[in-house]
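Please consult the sequence and the structure shown below.

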Amino acid sequence: MPPLTHLTALLVFLLFSGLSHAQYSGVRAADEGGLIVEGARAGAGFRVNGDTVLASPIAGGLLLPVEPGIQLIKSGKQTELYHLSKDPGPGRLRRVPLWLSILPPLIAIGLALIFKEVIISLFAGIWVGAFIAGGFRFEFFLGLIKALLTTIDTYIIDSLNDSGHLSVLVFSLMIGGMVAIISRNGGMAGVVQRMTKYATNPRRGQFVTWLLGVAIFFDDYANTLIVGNTMRSVTDRFRISREKLAYIVDSTAAPVASVAFITTWIGAELGYIGDGIDQVEHFAGTTPYAVFIESLKYSYYPVLTLAFILFLIYQRRDFGAMWDAEARARSTGMVKRVNEEAAGGSEQEDLDPIPGAPLRARNAAIPVAVVVVMTIVGLIDTGLENLSDAMAVPMTTNDWSAVWGALEGGFFGKLGLTIGAADSYVALLWASMSGVLVAMAMTVGQRIMNIEQTIGSLTAGFKAMFSAVMILTLAWALALTTEELHTATFLVELLGEALNPYFLQPVIFVLAAVVSFSTGSSWSTMAILYPIAIPLTWSVAMFSGWDEPDAAGLLYNVISTVLAASVLGDHCSPISDTTILSSLASDCNHIDHVRTQLPYALTVGSVAMACGFLSTVLGGGWTVCLSLMAGGLILLYFVVKLVGRTMAMDD
């Protein structure tokens with residue numbers, strides 16, 4: 001029996017094992033609606049799908065008012081997952097073993113790594129998730145068919161019925177269209193000509209890519225799309241593999257955006273941290289921004305990741321699958337692995353400059369600069385407007401200077417409040433639209449292309465991004481299944497039981513990384529873990545007799561750990577939106593990008609986790625943290641030196 005058949009048989013056995021105990025004897029469906037918890041006493045507390053519900057006394061137990069569908073019921077330390085059907089009958093209530101919630105992302109990730117095809121793998125994961133969320137109702141295989149149809153009419157549609165998701169899709173399409181215009185009008189070729197003055201060999205080409213990635217710090221999506229599309233021609237010139245380009249692009253996007261003071265991440269981060277510290281009396285009156293600043297000294301993973309890239313570039317070394325990709329590119333000039341799909345014909349649009357187009361770098365640099373500036377303008381404008389609306393006495397004007405003057409605190413405090421209150425999606429939409437309009441105006445104004453040709457280039461750019469749109473949509477739909485099945489709850493309960501203060505940091509690091517890897521989202525991981533990890537850390541430290549300053553240091557460490565490990569899991573996950581965009585922007589096979597990036601991310605992540613653990617043991621503080629950071633940098637330098645193999649053609 002082949003290994004895949006063994007795996008299938010095991011999954012079927014486990015599935016039916018869960019079905020054989022589907023209806024838990026302590027809970028049954030009520031005829032009039034809701035669930036009856038038999039034997040429960042009045043006053044018992046219940047949470048359903050995270051919300052506290054009032055249970056009504058009824059003969060033989062308590063009645064929980066719940067709607068049909070998937071329900072996570074928690075009382076005390078007991079957590080159970082049920083599916084309540086709308087249709088009456090003996091099988092109306094099914095208990096869903098909570099461990100099955102991990103299957104949809106595992107199946108999607110596993111199939112993607114095995115078959116190296118992302119779209120069908122994501123779809124299979126959604127299908128499995130829909131079937132489990134439907135309560136395993138086979139109904140002579142009609143249940144399987146219904147679950148298949150549910151993937152499109154519920155999960156995919158719901159993933160698009162989200163303003164944030166639509167904003168990302170529109171932003172991606174607009175950036176793709178802008179890149180197509182500035183490629184066809186010769187601007188991108190002009191940039192390549194300018195860049196070759198500085199990027200004169202493979203090592204310098206990689207360094208310039210890293211430098212641009214760090215410079216565009218304000219948003220990971222903008223960073224990925226701009227740097228990947230801009231530097232692709234430069235790196236191709238020096239036979240740098242697309243896998244290496246995608247790695248540099250991906251690893252200078254989220255790490256920079258997650259820790260910089262003024263980014264599109266800051267609002268979400270501060271909101272999540274605020275939810276957590278609201279439950280800790282010690283931090284009453286302390287702003288989330290102040291807590292975030294204090295936690296930065298423990299930001300090992302983002303800093304070590306950025307330095308690790310430089311070590312690889314400076315030493316001209318790589319290891320693992322990345323070395324194979326680089327060796328292939330240098331020796332054969334094949335910067336992208338050829339597979340059957342590529343051999344049969346590429347679907348990439350022709351974005352070479354039109355005949356006779358002037359190679360002027362400003363035709364690309366100005367639209368890109370407009371995107372950068374308009375993103376910052378959008379963040380400030382929407383932030384000040386939201387702050388004005390939220391004031392106790394609303395202001396009669398939204399004038400920037402008036403609202404700024406009404407804010408309390410110094411310059412950086414006001415700036416943090418402004419960015420924290422901003423609508424990053426609106427800012428990105430404004431920026432991408434502005435970039436497209438400027439690119440079109442410059443192209444038509446210089447008579448490089450007429451209106452029809454320019455619009456044709458714009459739509460060609462949209463078409464080039466269609467694969468990204470499909471994959472992102474499916475990844476978000478898969479995330480809906482993990483949310484509905486409470487995958488994160490299962491992982492938290494599985495891995496979050498260690499209560500020794502010294503081991504909280506590594507346990508939470510592993511937990512955050514696993515949740516982020518499984519869900520493909522660092523933001524949702526932070527949203528789930530911050531409200532849990534912050535009060536848990538404080539309670540454990542206090543219960544163990546720690547002084548408040550030491551407990552606060554541990555808390556800052558855990559706050560930084562959740563952020564860093566979320567980014568690590570995001571980097572490693574093939575269903576992550578930023579990983580997908582990095583592959584698409586770099587025109588790299590997605591699974592090749594994941595496969596080559598994974599060893600590097602795990603190497604840095606292991607060192608970062610060790611540094612975080614030692615920070616707790618040694619008492620924290622700036623001196624300890626900076627010393628450990630230096631130690632981590634030295635260790636990674638020698639890891640590259642000892643494990644890596646030299647690229648002989650990088651002279």
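Ten salt bridges are found in a search of the whole structure, a salt bridge being a side-chain nitrogen of Lys or Arg within 4 Å of a carboxyl oxygen of Asp or Glu. This is a predicted model, in which local features need pLDDT of at least 70 and side-chain atom pairs count only at pLDDT 80 or more, whereas totals for chains, interfaces and linings use all residues. Residues are numbered from 1 along each chain as its sequence is written, and side-chain values use heavy atoms, with hydrogens and water left out.

**Salt bridges**

- Lys-244 and Glu-326 are joined through their side chains by a salt bridge of 4.0 Å, N to O. This pair links distant parts of the chain, with Lys-244 in helix H9 (residues 242–251) and Glu-326 in helix H14 (residues 321–332), 82 residues apart; helices are DSSP runs of H or I with at least four residues, numbered from the N terminus.
- Lys-244 has a relative accessible area of 1% and is buried, and Glu-326, at 0%, is buried. Buried means under 20% relative accessible area, exposed over 50% and partly exposed in between, with a 1.4 Å probe and protein chains only.
- Glu-294 and Lys-297 form a salt bridge of 3.1 Å, N to O. Glu-294 is partly exposed at 34%, while Lys-297 is buried at 9%.

**A salt-bridge network**

- Asp-587 and Lys-336 form a salt bridge whose closest N and O atoms are 3.0 Å apart. Because Asp-587 lies in the loop between helix H26 (577–586) and helix H27 (590–617), and Lys-336 in the loop between H14 and helix H15 (340–343), the pair ties together parts that are 251 residues apart in sequence.
- Asp-587 is buried, with a relative accessible area of 13%, whereas Lys-336 is partly exposed at 30%.
- Salt bridges link Asp-236, Arg-242, Lys-336 and Asp-587 in a network.

**Helix H23**

- H23 (residues 501–519) has 19 residues and reaches 27 Å from its first C-alpha to its last, close to the expected 27 Å; the expected span is 1.5 Å times one less than the number of residues.
- Of the 19 residues in H23, 14 are buried, so the helix is mostly covered.
- Gly-520 follows H23 and has a positive phi, near 75°.

**Negative surface patch**

- Glu-281, Asp-547, Glu-548 and Asp-550 gather in a patch of negative charge on the surface. Such a patch is made of residues with over 30% relative accessible area and no salt bridge, like charges being joined within 9 Å.
- Asp-550 lies in helix H25 (residues 548–572) and is partly exposed at 41% relative accessibility.

How values were computed:
Patches are made of residues with over 30% relative accessible area and no salt bridge: like charges are joined within 9 Å, nonpolar side chains (Val, Leu, Ile, Met, Phe, Trp, Tyr) within 5 Å. Accessible areas come from the Shrake-Rupley method with a 1.4 Å probe; for residues, only the protein chains shown count as cover. Lys and Arg count as positive and Asp and Glu as negative; His and the chain ends are not counted. The place of a charge is taken as NZ of Lys, CZ of Arg, CG of Asp or CD of Glu. Helices (H or I, at least four residues) and strands (E, at least two) are DSSP runs, numbered from the N terminus.
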